[in-house]
Structure formats: C-alpha cells, structure tokens
Amino acid sequence: MGLVEAILLTVFTAATPLLIAALGELVTERSGVLNLGVEGMMIMGAISGFAFAIYTGNPYMGALAAIIIGVLFSLLFAFLTISLVTNQVATGLALTILGLGLSGLWGEAFIGVPGIKLQPIIVPLLSDIPFFGKLFFQQDIIFYFSILLLIGVSWFLFKSRAGLVLRAVGDSHTSAHALGLSVIKTRYLAVMFGGACSGLAGAHLSLVYTTQWIENMTAGRGWIALALVVFASWRPNRVLIGAYLFGAVGIAQLHIQALGFKIPTQFLSALPYLATIVVLVIISQNRRLTMVNTPASLGKGFVADK
Amino acid sequence: MQPDFSIRLEKRATTSTFFAYFSPFIALIMMLIAGGMLFFLMGHNPFKALYVYFIEPLTDTWTLHELAIKSSPLILIATGLCLCFRSGNWNIGAEGQFIMGGIAGASIPVFFPEFTSFWILPLMLISGVLGGMVWALIPAILKNRFGTNEILTSLMLVYIAGHFLDWIVRGPFRNPEGFNFPGSISFSQWQVLPEVFSSGRMHYGMIFAIIGVIVVWFLLSKTMKGFEILVIGQAPRAGQFAGFSPQKTTLFVFLVSGAFAGLAGIAEVSGAIQQLRPSISPGYGFTAIIVAFLGRLNPLGIFAAGIVLALSYLGGEAVQISLNVTDKIANVFQGLLLFFVLGCDTLIHHRIRFGHSWGFIKQGVQHGTG
C-alpha cells in the first residue's frame, strides 16, 4: 500500500463521522431547528455503540444501538424546544452537557476495555481496482452508508415532496402552518433524524476510528459538524467537501508530527479549530450566499396562533 | 387520527408572577427527583445518596469554604454572561476566556519571580482581566465585521485556549525545578490572592464575585447602557430606531463578560490553585451558562444559582469518595438542571394545554398541534 493511499484512507476515516453528523444537522436546521447538542448526541452514540458492541459481541448491534440512543436523546431536545418552545441555543447546550456527563458515567466501566472493531466489507471485483478499490470498496459499513446518506439527503431535500415540506417549514413556519402543513411533526422528525445521524457518527468513532472508549472522545467534532453546516451554506454536496477538507486538516496534523517538524503538538492539535474559525469568517463574508440558503426560521420557536 | 403530539402552548395574557419566582425552585425539585431515580438505578439508596450529595457538603466549615471557592468563578462568569445573553449575544466561550485570563495573570509571577511588592497582585489581576477581554474580543469583532456566528467562533476558541495552556505549562512557563511535571512555579506569598477569613481557604475571588453582581445589577437596572442592552436583546429593530448600535452593544457585552471570565480565571489560578497547571477549570465556563439561566439572567438570582451549581461539584466529589460513584455525575445533574430550568421557564409566558384526548378545553380548532 502506497503512502498516498494510506494517508487518504485515514482522511476518509476522519471525515466519515463529520459527514454523517453534519448531514443530520443539516436536515434538522433545514426544518428551522438549531440543535447545538450534536456533540452530546455524538458522545452518547460513541459510548452506546461501544457498550452494546461489547454486551452483544456484535459491532453492528452497537451501531444500531447508537442510532436508537441518538434518536432517544434528541427527543429530549425536541420535546423542550418544539413542544415547550424553550430557547434552542440553551437547550442544545444542556443536551451537550448532559451527554458528556451521562457518557462519562456509563463509560466508567469501559475505560481500558478493548473494543470490537467494525470490520471492513470488501466488495468483490470492485475492490481489486488499483488505488480506488482500496479507498472506496474496502471500507466499513458506516462509510458506505455515509455516501448513501449524502445521496439520500440531497434527493430528499430537493426532489421529494416531504423535503419540500421540510424546507417550507424551515423557511416560514407561519406560512407552512397556514397551508395546513404540520410544523410540529416535521420538526420532531427532523430533530430525530439529526439524532440518529449524530448517534451513528459517534459510533463510528468508537467502533472504527479508535475502538476504545475515551472520555470526551468526540473532542469537539460535534461542534465542527455544526460549523460544517454553515460552511456548506445548508447544501448537502458542500457538506461532503467540507467534511473531507476537515478530515484532511485533522489528519495533516498527525502526519506533520510524524515527519518531525519542530512545531509543538498542541499547536497542531489546535489546527482544526483554528481552521474552523477561518473558514467561518470566509464564508460569512459572502453574505448573499449565506442569506439565500439560511433557513429563515432557523432557531425561532413556533407557537401556533389560536 | 392525529399523531399524538398532544401538548399545546397558549400564550398567557400577562406573565405569571408565580412561575417567574418559583420556576427555578420547581426545576431544582425536579432535578432532585431525577437524580434520586438515577442513584436508585445505580443501586444506591436515593435518600442517602442525595443527602451525601447535597446536604453533607454544607455541614462543615471547610466544605463551606470550598463551596465559596467553587461558586465565586461561577458567579463571576455568569454575571458577565447574563449581559451577553440578555442582549442576544451567545458567548459560549467563557471557558476559553477564563483560561486565557489565568495564563495572562500567571505570566507576571512567571516572568518576574523576584518581583515582590504589594503591587504584584493588582498587576496580575489586571493582566488576567485583559487576557479574558482579548480572547472575548475575537468573536465580537468577527461578528461585527463579517457577521460570523459567535456561538461557533467563541466555542472553537475554548479548544484553542485549552491547547495553548497545555503547551505553555509544558514549554515556556514550565517550572525548571519542577522535576518535569507540567506546571509553572508555585506562587509566593505576594502572588497569592489572600484568604478572606482566617477560618479557611476562601479567597478574595468571592469578594470580586459579590462586587461583580452589584455592578451588573446596577448597570442593568439603573443605567442607560443597561436599558440599551435589554432593548437590543428583546427588540433589535426598535433599538436601532432608538439610535442604539447593536455592534457597540455586542462589543461591550463581550468585553465585559471576557473581563469577568478573565478575572475569575486569574483569581482561581492565584487564589485556589496557586500555580498554572495543564488544567485549571472543571468546566466553570460552561457550567456558568447553567448558572446564568438558573438565575433567570438576573445578577441576584445568579448569585444564588452559583452557590447551587458549586454544590453540584462538591456533591460530585462527595459521592465519589463515599459512594464510589464517578464525579461525572455532577455533569449529569448540571445538564438535567438546565433542561428543567428551561422547561419550567416556559410556564412563565405560556400555559400548557394537553391535547384533545384530555379534553379540558375544547374550544377552537386543533391549531396548536399543527
């Protein structure tokens, strides 16, 4: 295996959870709900994926459990922000704090326990293609799923009727409500979808990326996923570019360290966060681009008039 | 069939005074119930566990001092944050501003270890305040100049500050005689924020917190600037018509909250830890957000809320020692509490009506269920 191949493979692994979590959040935000709890839902996904893989001896059950826990956890947020119309920013933060706490509590028993890796699925024939075969067809199931998810989300948002409803609800909940669309139901479903994606993204970290449980192992990836949605100006295809770009930044720092440059490791570790700020600044400068695509009702609670 | 989203909110004609005062207490009671259930699920006697968690830390003089030490940074940061939140600026990065305050303040004893005079402490404090302000200035300027989302930038700066601290205590600030342990020199008597009473460790950070509360209370309720902050937060367009500048308000609230977080940072480093270490905060900057909301974004409420949240840290340590439960449980209590606070606050402005199946109001069409 060549060096380029090896580096690209690690980039793919680093990008996959970002892609999945950001796509989930994109759908949530398109419905007009800003869920800042991605980090919390991801870490819950990471611990539940890890734990259930060990309980059942099957990493696929772990991934499934992570999705379910992600949905349940996001329902907590949905109930507060949608049914009780609480402040979305504060509620999202509560979800993150709670997630970090609960996962720490649950994960206490798993510190130092070796995990179960989600093995790659080798696609016959296609995996023999030089270079590309190794990159695209010898991956774990979550990677394949992330690509399907990208296609599915793009299709859903822009080609399906339900996607149109979702965007209508996100752009103007009052008009959507007046048209007889169910704002509450749409938003509940969108938040739950985001929860499922974050949960799975977290499971990728603990079942593929590291295969062990480390406290706070998401290390801000949930927040980077949130930034990716802004970076992508709420377009799924641009999320793909962003996720791989950030995956590359995260991996680049490891390789720079390995090559023995005399830069303190802490500076390199801070690189993805710095890159996020820089990218956000560049994107927000282009106000027209962001204005056109930002869901107009984003972050605003909805209470139906009598 | 209607799907069962059968909770409906109805705006109250006037805000409920009852819930305005009691919603934090209802939230606290709900947290205790949820916490008791959690302890029960973990196989502990819930009453005993809650006693160990919330009551026992209040029964000793030294634990009361610890309570004050932990509540002072929370109160100080949260009072600054309430200005931000009141004006619609989401400064989520107080943790980073706290860390930078600690680093900036500690730089004075590190660079001038021989400097012993009364003036060193005020210099450290000012330096800490400036450190916090500089760190808070970044998201404020980016928001004003480019419209960059301050939630994400301020949060990213927390991670950057954390890595910077880690580097500085292992690199330039490391104590050369520290046997390779990461950390700065231990501060001498002149560089340590003194204790207030001879009975225990509580330092002047608590006094700063009290002053901070009074200053912000005065600012919000008695001055034009405070009025401006409230108007910009509640009705930005009306504020602009009145000639208030949202940009200036953003700058102002970020600078003040950065200053408060920076002061809390250096007070913690100088008073409680007495040296710079790779980790100087158990998440005070994030917990302060909960404090701000539990205190209903009111400085006096924040004072009480800060003590409650400090108790959640002490209780976490207490159950770790006597029940062998990880102190991560403190985060669980804090997250739950914020959920309950936010949920209960809804009751101030809204009535909750349960859907058609409960049937105590049967007027109008089913609009609310959407």
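Visitor: How do α4(B) and α11(B) lie to each other?
Guide: In this predicted model, the axes of helix α4 (residues 94-111) and helix α11 (residues 284-294) of chain B come within 6 Å and cross at roughly 130°, so α4(B) and α11(B) are oblique to each other. Angles under 35 degrees count as roughly parallel, over 145 as roughly antiparallel, 65 to 115 as roughly perpendicular and the rest as oblique.

Visitor: And the numbering and letters, where do they come from?
Guide: Residues are numbered from 1 along each chain as its sequence is written, while chains are lettered from A and ligands numbered from 1 in the order in which they are written. Since the model is predicted, local features need pLDDT of at least 70 and side-chain atom pairs count only at pLDDT 80 or more, whereas totals for chains, interfaces and linings use all residues.

Visitor: What counts as a helix, and what are the axes?
Guide: Helices (H or I, at least four residues) and strands (E, at least two) are DSSP runs, numbered from the N terminus. Axes are lines fitted to C-alpha atoms, for helices over the stretch in contact, and angles run from 0 to 180 degrees between N-to-C directions.

Visitor: Which residues of α4(B) and α11(B) meet?
Guide: On the α4(B) side they are B:Ala94, B:Glu95, B:Gly96 and B:Phe98, and these meet B:Tyr284, B:Gly285, B:Phe286 and B:Ala288 of α11(B). By class, that contact divides into five nonpolar residues, two polar and one charged. Two residues are in contact if their C-beta atoms, placed from the backbone, lie within 7 Å; Ala, Val, Leu, Ile, Met, Phe, Trp, Tyr, Cys and Pro count as nonpolar, Asp, Glu, Lys and Arg as charged, and the others, Gly among them, as polar.

Visitor: How do α4(B) and α10 of chain B pack?
Guide: Helix α10 (residues 246-273) of chain B packs against α4(B) at an angle of about 55°, with the axes 7 Å apart, which makes α4(B) oblique to α10(B). Their crossing is right-handed. A crossing is called left-handed if the near helix is turned anticlockwise from the far one by less than a right angle, and right-handed if clockwise.

Visitor: Let's move to chain A; at what angle do helix α1 and helix α10 pack there?
Guide: Helix α1 (residues 3-30) and helix α10 (residues 221-231) of chain A pack at an angle of about 55°, with their axes 8 Å apart, and that makes α1(A) oblique to α10(A). In passing α10(A), α1(A) makes a right-handed crossing. The contact is made by several residues, among them A:Ala22 and A:Glu25 of α1(A) and A:Arg221 and A:Leu228 of α10(A). In total this contact of α1(A) with α10(A) has 10 nonpolar, one polar and three charged residues.

Visitor: How many residues are in the largest nonpolar core?
Guide: The largest nonpolar core has 214 residues, and those with the most contacts inside it are A:Ala22, A:Leu228, B:Ile77 and B:Val291. Helix α9 (residues 183-209) of chain A gives the most to this core, with 16 residues. Such a core is a set of buried Ala, Val, Leu, Ile, Met, Phe, Trp, Tyr and Cys residues joined through C-beta atoms within 7 Å.

Visitor: What does B:Val291 touch?
Guide: Leaving out residues up to four places away in sequence, B:Val291 touches B:Leu74, B:Ile75, B:Ala78, B:Ile302, B:Ala305, B:Gly306 and B:Leu309.

Visitor: How many residues does the contact take from chain A and from chain B?
Guide: The contact takes 50 residues from chain A and 46 residues from chain B. On the side of chain A that touches chain B, α3 (59-83), α4 (88-107), α9, α10 and α12 (265-285) of chain A each supply at least two residues. By class, this side of chain A has 31 nonpolar, 14 polar and five charged residues.

Visitor: What is phi of A:Val85, and where is the place of that residue?
Guide: A:Val85 has a phi near 50°, a positive value in a residue other than glycine, and it sits in the loop between α3 and α4 of chain A. Most residues other than glycine have a negative phi. A:Asn216, which is not a glycine either, has a positive phi of about 50°, and its place is the loop between α9 and α10 of chain A.

Visitor: Is B:Ser199 buried or exposed?
Guide: B:Ser199 is exposed, with 11 other C-beta atoms within 10 Å. A residue is buried if 20 or more other C-beta atoms lie within 10 Å of its own, exposed if 12 or fewer, and partly exposed in between, with C-beta atoms placed from the backbone. B:Ser199 lies in the loop between α6 (150-170) and α7 (205-222) of chain B, and from C-alpha to C-alpha it is 7.9 Å from B:Trp62 in space, although the two are 137 residues apart in sequence.
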